[in-house]
Structures are given as structure tokens and as C-alpha cells.
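Hi,

Here is the structure I promised to pass on. Have a look at it first, and my notes follow below.

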Amino acid sequence: MKTYLIISLVTSLLFFLTNSSCSDKDVALDPCAKKQMQLNQLRKDIQDLAETAICNHNTECRYIAFGSKPCGGPWNYLIYSTSIDTLALKKRVLEFNKLETSYNIDCAAISDCMMVMPPTRLDCKDNSCIPI
């Protein structure tokens, strides 16, 4: 009788563990994974736009705080020139920063709390804006 009880418990436990394991479908529905995918795509779009910027004597080099660390402050500063649609870039960066702040809170994200300082000066070299 004791052996039957142990076998029943082990069988029940194994049945429970196999039926409650995570599947690919569960991961696809995870809100944090969805936000991370959105962030990755938006980050790529923003960086692609910024990389199309060229600098010359008719444009100005600028930077914008990019990303949102869980401890506060940006992850880095995105450098671009005024040769692109700067309003569209700023709008996308603001959207990205808000989404990442939401992700940090909702998904209990962690990071280092190191402050990232903005560039002190920007220069144009070989048609690209660079920090000095």
C-alpha cells in the first residue's frame, strides 16, 4: 500500500511538471518579451536613421539622450547631424525612452547605475559627426 502511494505521488508530480513547463507559445505571449522585441526593432530603426546623417559646412552635429537605465539616466548619447529629419528622430527617441522606462518598471529590469556623460564637443570628420 505504501509503495502504491509513493508511485502515485511520483507519477502525479511528473505529470504536473511535464504539463506545466514553458512552451514557445508561452514565451511568445510574455509581455516583457514582446516589449523587448519592440525595443530592439525601434532601437535598430533609430540607429539606422541616425547613421544616414552626414555632416558638412551646411549641417550641425548634435546629440540626444538615448535609452533609459533602470537606475535613471540614458544608456548613451546618440550623435547625429541636422542633415536628417531631426524632428522624426527626436520623436522616435522619445517613444523609445518611454517604452524602455515602462519595460524597466514592468519587467523589474536591472543595470549598473553608472552615469553616462554627454559628449563635451562634437566635430565633423569625413562627413560623420564624432564626439571629441
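Let me start with Thr86, which is found in helix α4; helices here are DSSP runs of H or I with at least four residues, strands are E runs of at least two, and both are numbered from the N terminus. Thr86 counts as buried because its relative accessibility is 15%, where buried means under 20% relative accessible area, exposed over 50% and partly exposed in between, with a 1.4 Å probe and protein chains only. Setting aside neighbours within four places in sequence, Thr86 is in contact with Tyr80 and Ser81 (contact means heavy atoms within 4.5 Å).

Before you read on: this is a predicted model, in which local features need pLDDT of at least 70 and side-chain atom pairs count only at pLDDT 80 or more, while totals for chains, interfaces and linings use all residues. Residues are numbered from 1 along each chain as its sequence is written, and side-chain values use heavy atoms, with hydrogens and water left out.

Now the overall picture. The chain has four helices and four strands, and from the N terminus on they run α-α-α-β-β-α-β-β. Of its 132 residues, 24% count as buried. Among contacts between residues at least 6 apart in sequence, 64% join residues at least 24 apart.

Which helix does α3 pack against at about 155 degrees? The partner is α4 (residues 86-106), and the two axes are 10 Å apart. Axes are lines fitted to C-alpha atoms, for helices over the stretch in contact, and angles run from 0 to 180 degrees between N-to-C directions. That angle makes α3 roughly antiparallel to α4 (angles over 145 degrees count as roughly antiparallel, under 35 as roughly parallel, 65 to 115 as roughly perpendicular and the rest as oblique). On the α3 side, the residues making the contact include Leu39, Leu42 and Ile46, and on the α4 side they include Phe96, Leu99 and Tyr103. By class, this contact has ten nonpolar, three polar and seven charged residues; Ala, Val, Leu, Ile, Met, Phe, Trp, Tyr, Cys and Pro count as nonpolar, Asp, Glu, Lys and Arg as charged, and the others, Gly among them, as polar.

Neighbours within four places aside, Leu39 is in contact with Phe96, Leu99, Glu100 and Tyr103. Leu39 and Phe96 are 57 residues apart in sequence, yet 6.7 Å apart in space, C-alpha to C-alpha.

Cheers
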